[in-house]
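Here is a short briefing to read alongside the structure.

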Amino acid sequence: MQASPQKTLKLRKLPPSYSAVVMPFVLSILMTCIISAVSTAIGTGWTNGFVATWSYAWGISWLVAFPSLLIVLPIVRRIVTAIVDQSAHP
């Protein structure tokens, strides 16, 4: 039995102006999750307390990464624009 189009859950999308905050937010979550897991695994190994140690490391690293991305991302965009030929789109 298929759900009718009226009953499907539709999430409201944010306006485009929010992308300047949403993109670094999502990027910081994913990157700090991966990097803190790798760093924790290297530092402590896959021990019984790995998840607790990793989640603490992830939380602290995210608190640093998100505001850092908000500051650094506009600078990175300018650098990339200076390096990459924008007229050569396929």
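This is a predicted model: local features need pLDDT of at least 70, side-chain atom pairs count only at pLDDT 80 or more; totals for chains, interfaces and linings use all residues.

The protein has 2 helices and 0 strands. Its radius of gyration is 19 Å, well over the 12 Å that the globule rule gives for 90 residues, so the protein is more spread out than a compact globule.

**Overall fold**
- Taken along the principal axes, the C-alpha atoms fill a box of roughly 55 × 45 × 25 Å.
- Of the 90 residues, 13% count as buried.
- The accessible surface comes to about 7,600 Å², and carbon and sulfur atoms account for 72% of that surface.
- Among contacts with a separation of 6 or more, 62% are between residues 24 or more positions apart.

**Helix α2**
- Helix α2 covers residues 50-83, which makes 34 residues.
- The end C-alpha atoms of α2 are only 41 Å apart, short of the 50 Å that a straight helix would reach at 1.5 Å a residue.
- The buried residues of α2 are F50, W62, A65, F66, L69 and L73.
- The cover over these buried residues includes α1 (19-44).

**Aromatic pairs**
- The structure holds 4 aromatic pairs.
- One of them joins F25 and W62, an edge-to-face pair with 5.9 Å centre to centre and 90 degrees between the planes.
- F25 belongs to helix α1 and W62 to helix α2, so this pair ties together parts that are 37 residues apart in sequence.
- F25 has a relative accessible area of 36%, so F25 counts as partly exposed.
- Another pair, W46 with F50, is tilted, at 4.3 Å centre to centre and 45 degrees between the planes.

**I35 in helix α1**
- I35 is found in helix α1, and at 46% relative accessibility I35 counts as partly exposed.
- From C-alpha to C-alpha, I35 and I71 are 20 Å apart in space, and they are 36 residues apart in sequence.

Notes
Residues are numbered from 1 along each chain as its sequence is written. Side-chain values use heavy atoms; hydrogens and water are left out. Helices (H or I, at least four residues) and strands (E, at least two) are DSSP runs, numbered from the N terminus. The expected span of a helix is 1.5 Å times one less than its number of residues. Buried means under 20% relative accessible area, exposed over 50%, partly exposed in between (1.4 Å probe, protein chains only). Contact means heavy atoms within 4.5 Å. The radius of gyration is taken over C-alpha atoms; the globule rule is 2.2 Å times the number of residues to the power 0.38. Accessible areas come from the Shrake-Rupley method with a 1.4 Å probe; for residues, only the protein chains shown count as cover. Rings of Phe, Tyr and Trp (its six-membered ring) pair if their centres lie within 6.5 Å; planes under 30 degrees apart count as stacked, over 60 as edge-to-face and the rest as tilted.
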